[in-house]
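Trainee: I have a model open and would like to learn how to read it. Please take me through it feature by feature.

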Amino acid sequence: MTTSKTTNLNRRNFLKTGTAGLTLLMSGVAGSRLAAQDASGQVIIGFSQEPTVLHPHMPHIEVDEGVHFNLFDPLFTVNSDGDFVPALATEVPTVENGGVSEDGLKWRVKLREGVTWHDGEPFTAEDVKFTIELQQNPNFSAMRRTGHELVRNIEVVNDHEITWEMESPFAPYASILSWTFIVPAHILADAEDPNQTDFRNSPVGTGAFSFGERVAGNYIQLNANPDWWGDGPYLETVIFRYIPDMTVLYTQFRTGDIDVIGLQGIQFDRFEQAKQLDDREVVITQASTVESISFNLGKPQFQDPAVREALYYALDKTTIVDAIYYGIPEPTESFLPKGSSYFHEDLPKSEYNLEKAKQILDEAGWVPGDDGVRVKDGVRLAFKNSTTAGNSVREQTQQFIQQDFAEIGVEMEISNLPPAVMWGEYWQMSEFDTAMVGIVYTTGPDPDVSNYFHSTAISAQGGAGQNTWQYKNETVDELLEEGASLFVQEERKTIYNKLQEVVREDLPFLPIFQYANLRGHKAGLEGFDPNVNVRIETWNVGEWRWA
Amino acid sequence: MARFILHRLGHSLLLLFLVSLIGYTILHLAPGGPLSQYALSPGMTQAELNQIAERMGLNRPIPIQYLDWFTSFLVGDWGESFRDGRPVLSVISGHLFATVLLVVSSSVISIGLGTLVGVLGATRRYSAWDYIATVGAMIALSIPTFWFGLVAIYVFSLQLDWFPSGNMYSIGDESFLDYAHHLVMPSVVLALVSVAIWSRYMRSAMLDVIGQDFVRTARAKGLTGQRVLYRHVVRNALIPMITLAGIQLPMLLSGALVTETVFTWPGIGRLFLDSLGYNDYPVIMGVLMFTAIFVLLGNLIADILVATVDPRVRLE
């Protein structure tokens with residue numbers, strides 16, 4: 001009945017008496033079941049984008065994951081300290097506990113007993129097998145196949161134990177599993193077309209909350225799952241409310257119409273005001289996205305490392321962060337987020353020095369032409385910089401950078417494009433000159449960045465991946481391959497430190513800062529725990545409660 | 001009459017075809033596409049994007065895609081949303097109630113208030129009231145709906161706390177009063193521009209009629225001023241207003257686009273904006289066609305109504 005509600009116009013009529021009676025009846029039933037769990041109250045989370053794809057393995061955007069995390073569970077999840085925590089598995093498989101073989105090729109996972117799906121069916125190893133196989137199904141529009149493609153010979157040992165083999169050792173697979181939500185085989189296995197199932201609109205999971213209803217363009221309601229295996233949930237209902245305009249989103253946070261302001265959160269220019277609000281807590285949370293000026297190394301201007309180095313000297317990060325971003329994010333030198341256990345603390349700090357920049361270009365043989373723009377071997381040091389049109393903060397940054405670049409004899413033309421154009425083939429197939437872009441390089445908590453920096457990941461050269469810089473460095477390739485095949489953290493750390501040093505030296509992009517967001521919630525909401533290792537802050541609503 | 005309606009329906013179908021062709025072409029002229037939103041997802045590759053595109057049929061030539069879409073459209077299959085996979089018609093109908101509620105209530109306000117202001121302005125021409133109404137209409141026409149909406153929220157929600165700052169109802173309440181409470185601000189804001197237009201048209205229509213011979217005759221018969229005004233002048237002045245109502249419909253719908261965003265109203269306008277942002281082609285086309293049908297029907301009904309109430313007009 002809940003699904004028909006979203007599509008049926010009749011629900012909107014004013015004859016509320018029938019519905020009210022029914023709701024009363026339903027809440028009565030739910031109430032008696034919940035009494036033992038002590039779930040009470042509701043929380044309304046405001047998002048500036050609408051979650052629409054409730055099947056966690058079909059193509060979706062980050063806001064959808066904010067809902068997935070609460071409907072479904074992975075085998076193990078990653079907490080805000082970057083540690084894996086068992087969820088549907090009883091322990092996280094590692095080399096030490098024998099869950100992963102020494103060579104990384106054999107995996108064994110023991111599953112929690114007594115877990116049920118929201119429809120009451122028991123959760124078993126068959127569900128895990130089905131979920132991994134679904135990612136491999138060529139007829140299924142899977143969001144991510146990376147890692148799952150390597151899995152072979154999945155074997156259900158018994159209802160609560162499963163084993164599989166990997167075609168080749170792939171350390172990031174643990175991180176990938178930490179965001180692979182297990183979906184029910186008993187509902188999805190028999191679908192004729194795996195892409196066309198009702199599951200998209202009426203999902204069934206094992207998570208802390210079960211699906212209530214979705215009113216398109218308005219909100220999604222989840223209800224407490226009293227049979228959840230974890231502690232909690234402590235809230236009876238969770239509402240994800242869609243509020244498209246950032247100003248309106250903030251206004252509703254002020255008026256108290258929403259309890260939590262999520263996703264893009266509060267705009268930076270409102271930070272001072274927001275901090276003064278009564279009964280509201282506003283926090284700066286780190287995100288794993290790194291903002292950079294990215295070069296297309298396929299263009300002749302950027303093949304000379306001196307050019308990239310000089311431009312880095314002409315990049316005044318401190319002023320950009322302080323003046324344009326209200327000092328909220330932190331400047332960075334690495335592609336890994338601070339907060340990752342692999343973050344390299346001691347990379348050389350960049351320096352803003354226009355004289356040095358000019359000197360480097362002079363020495364490299366780039367001499368100013370008649371119009372003041374430097375030239376070498378017939379190549380003008382002029383390029384376009386592109387980003388999403390309409391992003392006013394980035395546009396200010398571009399104008400600021402443009403002036404400094406002009407100072408050292410470099411012509412940067414600002415040429416912004418609508419998002420669909422910018423991040424389509426123009427970006428994916430390396431058609432841009434330079435781009436101002438924020439990228440999450442990591443695979444969840446894993447430092448593997450092969451998809452970005454390996455020379456085989458250049459789409460423009462027939463590869464598969466997001467190496468849109470067209471960055472090629474043999475040392476990098478070797479480090480990436482070695483890092484992905486090691487399973488002991490200390491050994492991996494050495495590799496990824498080296499990698500960060502090489503990339504900092506080569507500068508395929510100029511890192512500016514690591515993203516930070518302003519989030520707010522009503523005072524008295526406990527358990528709100530922003531997590532740099534996931535894409536959204538509503539990853540643990542099962543643990544939220546009102547004081 | 002029947003011939004007229006058939007004739008007009010034929011015209012409308014041709015128009016709908018043209019609208020769909022132009023809409024589809026413009027939509028696909030813009031580079032990028034529905035998959036670019038996934039492009040920056042961690043771990044996504046161009047090869048995987050291509051696979052998804054193939055499964056969605058987006059790799060076919062655009063004329064083929066159009067023909068496929070149009071033939072399905074003709075038999076009532078409007079396709080499925082790229083975002084959540086639901087049938088377009090059910091997506092639209094899910095948002096329809098909110099928009100209809102908003103547009104109807106703001107029409108009631110704008111027609112009622114606009115007529116009143118117009119009538120008073122015409123009967124007390126060049127009075128202080130008339131000047132105030134004129135200047136007021138100018139101001140109302142010049143204020144962007146978006147700004148007015150935000151000011152209204154600031155004053156009446158944040159400062160005075162009289163009305164909610166948005167949404168169509170409180171989750172868990174959904175009573176008639178709750179809807180009405182939420183409806184006040186958006187419908188007044190949306191009505192503002194229409195009141196201004198409506199009152200200006202009404203005023204000049206009244207002035208046209210007041211000078212007519214039959215009004216003098218009515219007065220000569222010895223009818224009271226009130227009776228002449230309401231039985232003869234206003235009724236005749238309202239006839240051109242029916243046509244205006246038909247023309248106003250698309251304006252209201254486009255106004256709803258903005259109002260729905262400011263007041264987080266889950267209607268068609270916002271659906272359209274969102275779908276544009278995601279390049280959700282089937283839904284964009286669906287809303288476009290739906291609006292076109294709505295507007296064409298509105299105009300047709302207005303014409304028929306005019307003919308019904310005004311014996312001087314004959315539909316051929």
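Mentor: Start with the record. UniProt positions follow the numbering used here, and annotations may be inferred rather than shown by experiment. The model itself is predicted.

Trainee: Where does UniProt place the "transmembrane region" feature in chain B?

Mentor: The entry, which is unreviewed, gives residues 12–30, 96–119, 131–156, 176–198, 237–263 and 283–306 of chain B. You can then compare such a range with the model. Residues 96–119 of chain B are 100% helix and 0% strand, with 33 Å between the end C-alpha atoms. Residues 176–198 of chain B are also 100% helix and 0% strand, and there the end C-alpha atoms lie 29 Å apart.

Trainee: How many helices and strands does chain B have?

Mentor: Chain B has 12 helices and 0 strands. Read from the N terminus, its elements therefore run α-α-α-α-α-α-α-α-α-α-α-α. The C-alpha atoms of chain B occupy a box of roughly 85 × 55 × 35 Å along the principal axes.

Trainee: Where in chain B is confidence lowest, and where is it highest?

Mentor: The general idea comes before the values. Where pLDDT is low, predicted coordinates should not be read in detail. In chain B, the lowest confidence is in helix H2 (residues 36–39), at a mean of 70, and the highest is in helix H4 (residues 62–74), at 89. The average pLDDT of chain B is 84, and 96% of the residues score at least 70. For the model, ipTM is 0.77 and pTM is 0.81.

Trainee: Into which domains is chain A divided?

Mentor: Chain A is split into domain 1 (37–72 + 207–279 + 523–546), domain 2 (81–132 + 140–182) and domain 3 (287–516). The centres of domain 1 and domain 3 of chain A, taken over C-alpha atoms, are 33 Å apart. Their contact uses 5 residues from domain 1 and 9 residues from domain 3 of chain A. On the domain 1 side, these are 3 nonpolar, 1 polar and 1 charged.

Trainee: In chain A, which strands form the open sheet with antiparallel pairing?

Mentor: In general, strands of a sheet pair through backbone hydrogen bonds, either parallel or antiparallel. The open sheet in chain A has 3 strands in the order S13-S14-S15, with antiparallel pairing. Its edge strands are S13 (367–368) and S15 (379–380) of chain A, each pairing on one side only. S13(A) and S14(A) (residues 374–376) are joined by 2 bridges, and Val367(A) has Val375(A) as its bridge partner.

Trainee: Which strands does S16(A) pair with in the parallel sense?

Mentor: Strand S16 (residues 382–386) of chain A pairs with strand S17 (residues 411–414) of chain A over 4 bridges. Ala382(A) stands opposite Glu411(A) there. From S16(A) the chain passes through helix H12 (residues 392–407) of chain A to S17(A), in a right-handed β-α-β crossover. S16(A) also runs parallel to strand S18 (residues 434–440) of chain A, with 2 bridges, and Asn385(A) has Thr434(A) as its bridge partner.

Notes:
Residues numbered from 1 in each chain as written. Chains lettered and ligands numbered in written order. Predicted model: local features only at pLDDT ≥ 70, side-chain atom pairs only at ≥ 80, totals over all residues. pLDDT = per-residue confidence, 0-100. Pairing = 2+ DSSP bridges. Domains from an automatic or database assignment. Contact = placed C-beta atoms within 7 Å. Nonpolar A, V, L, I, M, F, W, Y, C, P; charged D, E, K, R; others polar. Right-handed = clockwise from strand over helix to strand, strands pointing away.
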